[in-house]
Amino acid sequence: MLLSFEDGRSFAQGACTFLYRPATEEDVTPRIIVAVQIEGLQTETVVDTGGIYLVCAPEIADLLNVDPTRGLGTAELNIRGITASGSLHRLSLTLLAEQGQSLELEATAFVPRLQPNEPWKLPSFMGLMGCLERLRFAVDPATDTFYFGALDGGD
Amino acid sequence: MRRLPQKEDVRLQRTPSVSALPAILETREDQGDSLAILEVAADLRDETAFVQAAREIDWSQRSAADFARAVRLALAAGAHLVARHLAAQGARLYSEHPELQKMAHILAPPRVVKADLPPVPSVRANQDWLRTHAGEYKGQWVALQNGVLLVAAATASELKIHLENKDHILVTKVF
């Protein structure tokens, strides 16, 4: 069942279950991990309300053929204690509903730039500013459900 | 010709005071270039000083090139909200400037494009697979479809070789 306000307006239009586990091999704290589509490619992202932008793991950006020259070239971002430089892009992000309706938005995405043979040990993240900031969202830890909805009037 | 302050000229130090950067630069002959203050703050990765300095600039009199430079500096300083605001303001003032238009587009707040897309029931099946098999495939890239493993590979590039079509397939690294 989806969430609604007292007056009947819907709070969330879609809901999906999330995985609750550490996000990396070194991580020991569980994170909320949801399935999304980035530019049409289905993958997983960590919900990171302390972060900004959609951080698109470089391997995923490579699978999507994201061209760094088409973005804003020089940005630095601290991601979970790692300072990465990279490029900013406007990418499509779809939150995938199991119940209700899926929701597609345009978000600002940061793609880390790696040196040759430099490993990337982090997943993709959905931060607040630039990504989740114009959505309603809620978490039910009893059922591992992530609810999401557009603001009234679209964006 | 006005000379931009050099790092050694202003003897840069990271200081806790947000007013420190303007104070340092006031002692220099080239204090008139207020964007130079932003440059110093960006070099120091001092977001707080950058935000303070940006507030003190009269942006209504600035050129398109100044806006574009300030956005780049804001991103380097980690002042991402300032970068968004400057890009939007610059794009409004200079609607024919391609770089500012691109900056404003990329940095704009997220926008819902479609809010009525169908549900994707296979999400649950793929998550069930990951819950059950994560331990066996830790560190590998996997492609799943409706809860069935299609391919596992050491790298995303290797996985890509085996995937002709990525529609309705979950691609992820198993952590």
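Residues are numbered from 1 along each chain as its sequence is written, while chains are lettered from A, and ligands numbered from 1, in the order in which they are written. Because the model is predicted, local features need pLDDT of at least 70 and side-chain atom pairs count only at pLDDT 80 or more, whereas totals for chains, interfaces and linings use all residues.

Chain A contains an open sheet of four strands in the order β8-β1-β12-β11, with antiparallel pairing; strands here are DSSP runs (E, at least two residues), as helices are (H or I, at least four), numbered from the N terminus, and two strands pair if DSSP finds at least two bridges between them. The edge strands, each of which pairs on one side only, are β8 (99-100) and β11 (135-140) of chain A. Strand β11(A) pairs in the antiparallel sense with β12 (residues 145-150) of chain A over six bridges, and Val139(A) stands opposite Phe146(A) in β12(A).

The contact between the chains takes 49 residues from chain A and 39 residues from chain B, where two residues are in contact if their C-beta atoms, placed from the backbone, lie within 7 Å. On the side of chain A that touches chain B, the largest share, seven residues, comes from β9(A), and the elements giving two or more residues also include α1 (58-63) and β7 (82-95) of chain A. Strand β9(A) pairs with β1 (residues 111-117) of chain B in the antiparallel sense over four bridges, and Lys114(B) in β1(B) is the bridge partner of Glu104(A).
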